[in-house]
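The following paragraphs examine how two parts of a chain meet. Please consider the structure shown here first.

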Amino acid sequence: MPRIAILGATGAVGSVLREVLAERGFEAADLRCLASPRSAGTRVAYGDDEIEVAAVSADAFAGIDIAIFSAGAARSREWAPIAIERGAVVVDNSSAFRMLPDVPLVVADVNPHAVRTHRGLIANPNCSTMGLAPVLKAVLDAAGLERVTVATYQAVSGTGQAAVDGLLRETSRALAGDPARAEVYPQPIAFNVLPVAGSFSGDDGYTDEELKLVHESRKILELPDLRVSVACVRVPVVTGHSEAVWVETRDPLSPDDLRDLLLDRPGIIVLDDPADYSYPTALAAAGSDDVYVGRIRRDLGCENGLAFWVVSDNLRKGAATNAVQIAELLVRDGLRATR
Ligand SMILES: NC(=O)c1ccc[n+]([C@@H]2O[C@H](COP(=O)([O-])OP(=O)(O)OC[C@H]3O[C@@H](n4cnc5c(N)ncnc54)[C@H](OP(=O)(O)O)[C@@H]3O)[C@@H](O)[C@H]2O)c1
């Protein structure tokens with residue numbers, strides 16, 4: 001049985017990682033929970049048990065077979081080479097290595113074959129990309145994919161546990177009639193919508209979150225020239241990223257055909273009877289490992305166009321569940337297949 005470590009075990013994703021590992025009955029000889037020195041000695045839940053958290057160190061990776069990293073890009077850059085050198089395969093939730101050509105970027109139900117090419121490191125995509133990729137893959141396989149346009153409506157848990165706590169405090173103050181004060185983002189998020197998710201890294205007007213969606217989608221779908229138009233928006237939702245999506249296909253594909261082919265895809269749930277108020281929402285998707293799709297209709301703006309709405313739990317399917325699915329693939333295929 002593999003020995004597992006989680007770096008960032010106390011965070012928003014780390015907490016869900018512990019839940020998902022326990023729920024799926026992942027058989028591990030050891031689960032080591034690592035975080036910053038601030039958390040050393042605290043205890044975190046794992047199923048019905050509790051595990052003591054240790055401060056991350058080189059020795060903490062000794063004997064570890066799979067290390068799942070969820071502590072931010074800087075920590076991944078610092079500790080991944082050390083964990084790999086100690087013999088672990090690192091499954092990284094951060095953006096640190098996703099676009100490196102020799103690092104597979106894997107969505108378990110889209111490109112599982114890429115796991116086999118790993119050289120000690122496998123990257124988990126950004127949460128908005130993760131929710132969208134299985135649906136785009138279904139469209140691609142059926143009718144070819146020419147262009148994708150996406151507007152995301154992203155939950156604050158995508159920014160980490162501190163952002164969730166901040167939203168709740170901002171909301172309480174607003175309900176008490178106090179003046180709005182931004183705690184989490186540059187402007188208040190409670191009862192608001194921010195036309196920015198992520199941070200501006202260049203001078204092209206796009207955030208890193210938007211560029212991740214463009215570049216990671218191309219890499220996962222193995223379509224380097226795919227045209228992707230994107231806007232990432234932050235909304236006062238705790239968990240569940242929603243996405244309004246328009247696709248242009250190479251061949252005609254009717255809304256009914258798309259609905260039928262999505263119904264056959266594992267991990268995708270179609271909720272699409274708007275007249276009966278049946279469509280995906282963030283609240284309904286939160287806590288689920290599936291990707292929800294609804295509002296499937298023709299795009300009136302182009303010939304081979306479809307529009308739909310996609311929702312997934314950013315902490316589960318968008319991060320923890322996929323990381324555990326990658327660990328399961330590693331175990332199934334032999335841990336060090338290419339080393
Ligand atoms: N939230 C999402 O929806 C989502 C989705 C996909 C990917 N991700 C990625 O997953 C990573 C974690 O995100 P999160 O939302 O879980 O963040 P978070 O709630 O802020 O948790 C951060 C974790 O990193 C640990 N950490 C911070 N500084 C550290 C240090 N110097 N050394 C060791 N551990 C340290 C924290 O430990 P302490 O408790 O001790 O501070 C905590 O366990 C990020 O790279 C993020 O981009 C997040």
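Arg-98 forms a salt bridge with Glu-216, and their closest N and O atoms lie 3.0 Å apart; the term denotes a side-chain nitrogen of Lys or Arg within 4 Å of a carboxyl oxygen of Asp or Glu. Between domain 1 and domain 2 the count is one salt bridge. The model is predicted, so that local features need pLDDT of at least 70 and side-chain atom pairs count only at pLDDT 80 or more, while totals for chains, interfaces and linings use all residues. Residues are numbered from 1 along each chain as its sequence is written, and side-chain values use heavy atoms, with hydrogens and water left out.

The domain assignment, which is automatic or taken from a database, places residues 3-126 and 319-333 in domain 1 and residues 129-314 in domain 2. Taken over C-alpha atoms, the centres of the two domains are separated by 25 Å.

Where the domains meet, 19 residues of domain 1 are in contact (heavy atoms within 4.5 Å) with 19 residues of domain 2. The side of domain 1 that touches domain 2 comprises nine nonpolar, seven polar and three charged residues, where Asp, Glu, Lys and Arg count as charged, Ala, Val, Leu, Ile, Met, Phe, Trp, Tyr, Cys and Pro as nonpolar, and the others, Gly among them, as polar.

The size of an interface is often given as the accessible area lost when the parts come together. Domain 1 and domain 2 bury about 1700 Å² between them, 57% of it on carbon and sulfur atoms; this is the accessible area (1.4 Å probe) lost on being put together, summed over both parts. In domain 1, the greatest losses to domain 2 fall on Met-99, Val-110 and Asn-126, which together account for 36% of what that side buries.

How values were computed
Buried area = accessible area lost by both parts, 1.4 Å probe.
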